[in-house]
Amino acid sequence: MGADTAAAQLAALTADRVDHRFKGLPPDADGLTVGELAAQRRNLFTDGFTTPVLALSAERLEHNLALMETYATRHGLAFAPHGKTSMAPQLFWQQIEHGAWGITLAVPHQVRVARRFGIDRIFLANELVDHAALRWIAAELARDEDFRFICYVDSVRGVELMDAALAGTARPVDVVVELAAGEGARTGVRTEAECATVADAVAATTTLRLVGVAGYEGEVPQADPERVHAWLRRLTALAADFDKAGRFSGLEEIVVSAGGSAWFDAVADVFAEIPALSRPVLKLLRSGAYVSHDDGHYRKLTPFARVPEEGALHPAFRLWAQVVSRPSTDQAFANAGKRDAAYDLDLPEAQVVRRDGVEHPASGVEVTGLSDQHAWLRTSPGAELRVGDWIGMGLSHPCTSFDKWELIPVVEQDGTVVDYVRTFF
């Protein structure tokens, strides 16, 4: 599998026909292939695109990819960015081309998408107990010797279900014990003693192979730098204890993995402290939201705000809508709503207004609510906003921005659309 498969499958995406399935694209492009439309290098604002339309900045996307590559290299981290953010194989491969070890995913469907597009290293940040999915994973491992797959285990019952589903398979499935981030946190084993019990259950099978430990520091209760660092040190100590007990004998490397998008600086700090173990350590970071970043939740939480000397991510999404109603001096409505914009964490942020080819700041304009297909806008006295204006909005939470759009224009700063990113949710 790998690069050749990826090239063929990515080429097939450009051969898909533009039609009613894809929001925001020019109606007169119907029947063109995606590749033909990209080659026309149309302008987002003047060449027939309809609102609402989500645009991904070409320059900011490239900046974010390069910045995280540099960050991981500087701190001696391997990087498996979480693919659930974009579910876009084109971006998976751009991430790999920028140094990523592989791709992290969450559920079996996402693994199938990644495999379809030639991804050879997958970290599943979940315990996998679905019988059919496990049989399919086993078949993939048997078919492709280059395929590496790692997933969580967090219970003896889970180990038993996996073992039963994998009976008679050719290659064992690599697993890491997930340490919970604390009482009341999401998934994971609550105590180190229970982690050892789960590891014992793995060792008693022939279908599973323990290769390390992992967890998600973003679930640490009342997270702050001190608490997050303390939990990460529990995780690395667990790896050292497992190694001392001989649980990793026969491996080429030991996997220690953590790292969402809010605390990867703490991961870098603590992973740098991992002592020499019996095998080399794959220090695997899994942050995913960086690829597009955002104008809300992650703008506030990003570690780069705490360590500005490392650089800064740039929000790469902008949702364009059109003002369709201005019923009063303090209210207006645009034609983008919950079907188009992320809204689970924060409302969109009105940023610019475009009229007659000229952009100006959206001063005095605030998004106060979303209906299915409308954005509710509050306007202060003197706000420059008319029916027909295009309004550009920043979004909060990349994961719920990507999932509302099947084909996303990639736009250069002057409005030229140079590519289209296909998503598979």
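By class, 13 nonpolar, 12 polar and 5 charged residues make up the lining of the largest pocket in this predicted model. Nonpolar here covers Ala, Val, Leu, Ile, Met, Phe, Trp, Tyr, Cys and Pro; charged covers Asp, Glu, Lys and Arg; the others, Gly among them, are polar. Of its 30 lining residues, His82, Lys84, Arg186, Tyr216 and Gly260 are the closest to the centre. Strand β4 (121-127) and helix α11 (297-301) each supply at least two lining residues. Helix α11 gives the most, with 3.

The second largest pocket has a volume of about 480 Å³. Its lining counts 20 residues; nearest the centre lie Ser57, Arg60, Arg318, Glu412 and Gln413. By class, 8 are nonpolar, 4 polar and 8 charged. At least two lining residues come from each of β1 (53-57), α3 (58-74), β10 (317-328) and β12 (349-355). The largest share, 3 residues, belongs to β10.

Pockets were found on a 1 Å grid over the protein atoms alone, as open sets of points where a 1.4 Å probe fits, with protein on both sides within 12 Å along at least five of seven lines; lining residues have an atom within 4 Å of a point. Points are joined across faces, edges and corners, and a volume is the space filled by probe spheres set on them. Helices (H or I, at least four residues) and strands (E, at least two) are DSSP runs numbered from the N terminus.

Residues are numbered from 1 along each chain as its sequence is written, and side-chain values use heavy atoms, without hydrogens and water. In this predicted model, local features need pLDDT of at least 70 and side-chain atom pairs count only at pLDDT 80 or more, while totals for chains, interfaces and linings use all residues.
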